[in-house]
Amino acid sequence: WRDRIGVFEPLDGILLGTASAVGFTLIETLGQYVPLVTQQSGGEAALQLLIPRVLGSVAGHMAYSGYLGYFIGLSVLKPSKRWQILAVGYFSASLLHALWNTFGTIGNPDQSFWLLVSVGILSYTFLAAAILKARTFSSKHKSSGDRGRRKRFREDTIAKTDSKTNS
């Protein structure tokens with residue numbers, strides 16, 4: 001994964017997953033749904049479909065794909081458990097997406113709306129937890145900021161002290 005797609009850690013996977021989700025949703029919406037609605041109902045109806053679809057689908061697909069991306073990055077860090085990690089990520093992200101699709105087809109619009117809101121909140125909670133956890137694994141995050149500077153300062157100070165005592 002490292003050399004092929006540039007995923008070195010979970011944060012890289014999250015970034016790649018969310019970016020891919022945006023591209024997928026735009027291509028799917030502009031290539032499939034908008035032309036179909038334009039043919040059936042005209043341009044105004046296509047625009048009315050485009051705005052909520054892009055907003056809802058981009059947000060949802062970013063959450064599912066970003067969450068799966070976390071597991072892709074985690075599998076890079078733990079190659080001995082790669083397939084188990086990827087399976088957990090794939091099936092949990094798929095479950096969130098399946099819940100969204102299922103609740104979107106329920107007949108009562110009021111009930112469907114609140115179920116979709118619940119799945120959306122749950123999906124973004126999973127993504128937020130993955131981002132926070134990924135930051136603990138991140139070499140980039142650990143080496144930046146005050147914490148990283150303080151650690152390097154302590155290490156330099158210890159090294160200087162050791163070299164003075166040894167001479």
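This is a predicted model: local features need pLDDT of at least 70, side-chain atom pairs count only at pLDDT 80 or more; totals for chains, interfaces and linings use all residues.
Student: What is the volume of the second largest pocket?
Tutor: The volume of the second largest pocket is about 190 Å³.

Student: And which residues line the second largest pocket?
Tutor: The lining consists of Ser20, Ala21, Phe24, His61, Tyr64, Ser65, Leu68, Tyr90, Ala93, Ser94 and His97.

Student: How many of the residues in that lining are charged?
Tutor: The lining of the second largest pocket has no charged residues; six are nonpolar and five are polar.

Student: Let us turn to the largest pocket. How much space lies in it?
Tutor: The largest pocket holds about 290 Å³ of space.

Student: Which residues lie nearest the centre of the largest pocket?
Tutor: Of the 14 residues that line the largest pocket, Arg53, Gly56, Ser57, Trp100 and Asn101 lie nearest its centre.

Student: Where does the largest share of that lining come from?
Tutor: H3 provides the largest share, with seven residues. Helix H3 (43-77) and helix H4 (82-104) each give at least two residues to this lining.

Student: What is the lining of the largest pocket by class?
Tutor: Eight of its residues are polar, four are nonpolar and two are charged.

Student: A change of topic: how many aromatic pairs are there?
Tutor: The count comes to five aromatic pairs. In one of them, Tyr70 and Phe71, the ring centres are 5.1 Å apart and the planes stand at 80°, so the pair is edge-to-face.

Student: Are Tyr70 and Phe71 buried or exposed?
Tutor: Tyr70 and Phe71 are both buried. They also belong to one aromatic cluster together with Tyr67 and Phe126.

Student: And why is the pair of Tyr90 and Phe91 edge-to-face?
Tutor: The planes of Tyr90 and Phe91 stand at 80°, over the 60 degrees that edge-to-face requires, so the pair falls in that class; the ring centres are 5.3 Å apart.

Student: Is Tyr90 buried, partly exposed or exposed?
Tutor: Tyr90 has a relative accessible area of 46%, so it counts as partly exposed. Phe91 has a relative accessible area of 56%, which makes it exposed, as the cut-off is over 50%.

Student: Which residues make up the largest nonpolar core?
Tutor: There are 11 residues in this core: Ile14, Ala63, Tyr67, Tyr70, Phe71, Leu74, Ile85, Ala93, Leu127, Ala130 and Ala134. Two or more residues come from each of H3, H4 and helix H5 (109-137). H3 gives the most, with five residues.

Student: What does Leu74 touch, not counting residues up to four places away in sequence?
Tutor: With those sequence neighbours set aside, Leu74 touches Pro10, Ile85 and Phe137.

Student: Where is Gly69 found?
Tutor: Gly69 is found in helix H3. Its relative accessibility is 2%, so Gly69 counts as buried.

Student: Which residues does Gly69 touch, not counting residues up to four places away in sequence?
Tutor: Beyond those sequence neighbours, Gly69 touches Pro10, Gly13 and Ile14. Gly69 and Asp12 are 57 residues apart along the chain, and their C-alpha atoms are separated by 7.7 Å.

Definitions and conventions:
Residues are numbered from 1 along each chain as its sequence is written. Side-chain values use heavy atoms; hydrogens and water are left out. On a 1 Å grid over the protein atoms alone, a cavity is a set of points where a 1.4 Å probe fits but cannot get out, and a pocket is an open set with protein on both sides within 12 Å along at least five of seven lines; lining residues have an atom within 4 Å of a point. Grid points are joined across faces, edges and corners, and a volume is the space filled by probe spheres set on the points. Helices (H or I, at least four residues) and strands (E, at least two) are DSSP runs, numbered from the N terminus. Ala, Val, Leu, Ile, Met, Phe, Trp, Tyr, Cys and Pro count as nonpolar, Asp, Glu, Lys and Arg as charged, and the others, Gly among them, as polar. Rings of Phe, Tyr and Trp (its six-membered ring) pair if their centres lie within 6.5 Å; planes under 30 degrees apart count as stacked, over 60 as edge-to-face and the rest as tilted. Buried means under 20% relative accessible area, exposed over 50%, partly exposed in between (1.4 Å probe, protein chains only). Contact means heavy atoms within 4.5 Å. A nonpolar core is a set of buried Ala, Val, Leu, Ile, Met, Phe, Trp, Tyr and Cys residues joined through side-chain atoms within 4.5 Å.
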